[in-house]
Amino acid sequence: MVNLLAKLFIKNYKNVDDEKVRTQYGTLCGGFGIITNLILVTIKLIIGILSLSISIIADAINNLSDMGSSIITIIGFKISSKPADKKHPFGHQRVEYIVGLIISMIIIFVGIELLSQSIGKIITPSELDTSLLTYILLGVSILLKLIQGLFYLSASKKINSISLKASSKDSFNDMISTSVVLIGVIISPYIGYNLDGVLGVAVSIFIIVTACLLLKDTMSPLIGEKPDPEIISSIKEFIMNYEGVLGIHDVVAHIYGPSKIFITLHVEVDAKRNILETHDIIDNIEQDIKQKFGIEITIHMDPIEIDDEERKNEKEAVTKILREIDNNLKFHDFRLVRGPTHTNLIFDVLVPFEYKIPDEELVNIIKQKVSENNPIYRCVITIDKDYID
């Protein structure tokens, strides 16, 4: 259904990396949500008032809040598509994360309100007045919510949207809650007890817990998280195919939105190669990555003396020492600086987050082991963190 409507209403609908196309997808989903939720609110309010069911009326209020979420989604996509400006040089795509955050908080509020009303219904129960029409309309509501959730989910995958993913989870939650209400409406007359309030409590707790998990997922990119490993792997492989590139390290990525990524990294090159030639290679890599991946990248050039036998031997020695300490430890930027009284071995050690050995203690262990091999060597070590893997 998403493809069909996208073909009808979105020009260049396949170009999902284009911010204008992403905005049109968001607007399409928001409009679809407003229309379908308006139908659901109308159906459930009629059923709830006629049957005097608090769980059905609460479910209608939940759908009314979903309408508000759809409006917020449209506004959010409009704002996030704004180009970069003086105050926001990295663009406005993170607004989409904020929209997901707002939707999550609305869901929590609705869940708490539903819980309160359901507890009141348990304390002061009333008889349900149901009919075949009630069952049919609730069944239609469940089907409509399923279609809505699948629509949002499909669109979220196409444009990698957290806010639409949040909307899809909300729709599936509503489908489950309405299903529980329908079950309660059907079996209550047969057991002689009105399950309306009890099922309302169960549904509200389910909604609150799910919304809290969704809130956690939505906050993660706002705090700052790692990019998709496949993207980084593709970029590394792309760079390593260039003639003259010996290695890559110190990759750092900053995400400012689903399609707004900035990357910095170090590329190792032969120190004996003409610096102008090497610089030209680096420039070409930066431009080619921007064109192929749509990512802004800044590359630092690290010259390496690949023909220095002493450097090669000591690098192998340090490799062995790190493996003895922990196989997970890696190092890079290895340089050898000779002096009249001693020789400095300068390198960065890549230490996993929350590593069991404190940084200072680890540095001292490495220095001691290097010194035991040969006292002439002194280590200048920088502890580094891996922001990608």
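Leaving aside its neighbours within four places in sequence, with which residues is V21 in contact?

Modeller: This is a predicted model, in which local features need pLDDT of at least 70 and side-chain atom pairs count only at pLDDT 80 or more, while totals for chains, interfaces and linings use all residues. Residues are numbered from 1 along each chain as its sequence is written, and side-chain values use heavy atoms, with hydrogens and water left out.

Apart from neighbours within four places in sequence, V21 is in contact with I10, K11, N12, Y13, N15 and V16, where contact means heavy atoms within 4.5 Å. V21 belongs to helix α2 (residues 19-51); helices (H or I, at least four residues) and strands (E, at least two) are DSSP runs, numbered from the N terminus. With a relative accessible area of 4%, V21 is buried. Here buried means under 20% relative accessible area, exposed over 50%, and partly exposed in between (1.4 Å probe, protein chains only). The C-alpha atoms of V21 and A6 lie 9.7 Å apart in space, and these residues are 15 apart in sequence.

Turning to the aromatic side chains, a search of the whole structure gives 10 aromatic pairs. Rings of Phe, Tyr and Trp (its six-membered ring) pair if their centres lie within 6.5 Å; planes under 30 degrees apart count as stacked, over 60 as edge-to-face and the rest as tilted. One of the pairs is F331 with F347, edge-to-face at 5.7 Å centre to centre and 70° between the planes. This pair links distant parts of the chain, since F331 is in strand β4 (residues 330-338) and F347 in strand β5 (residues 343-350), 16 residues apart. Both F331 and F347 are buried. F353 and Y387 form another edge-to-face pair, at 6.1 Å centre to centre and 70° between the planes. Because F353 lies in the loop between β5 and α11 (359-373) and Y387 in the segment after β6 (377-384), the pair ties together parts that are 34 residues apart in sequence. Y387 is partly exposed, at a relative accessible area of 43%. Ring pairs also link F90, Y256 and F262 into a cluster.

As for charged side chains, the whole structure contains eight salt bridges, each defined as a side-chain nitrogen of Lys or Arg within 4 Å of a carboxyl oxygen of Asp or Glu. One of them joins D308 and R338 (3.0 Å, N to O). This pair too links distant parts of the chain, with D308 in the loop between β3 (296-304) and α10 (309-325) and R338 in strand β4, 30 residues apart. D308 is buried, with a relative accessible area of 15%, whereas R338 is partly exposed at 48%. Another salt bridge is that of D359 and K385 (4.0 Å, N to O). D359 lies in helix α11 and K385 in the segment after β6, so this pair ties together parts that are 26 residues apart in sequence. D359 is partly exposed, with 33% relative accessibility, and K385 is likewise partly exposed, at 22%. Finally, salt bridges that share partners join E243, R273 and E277 into one network.
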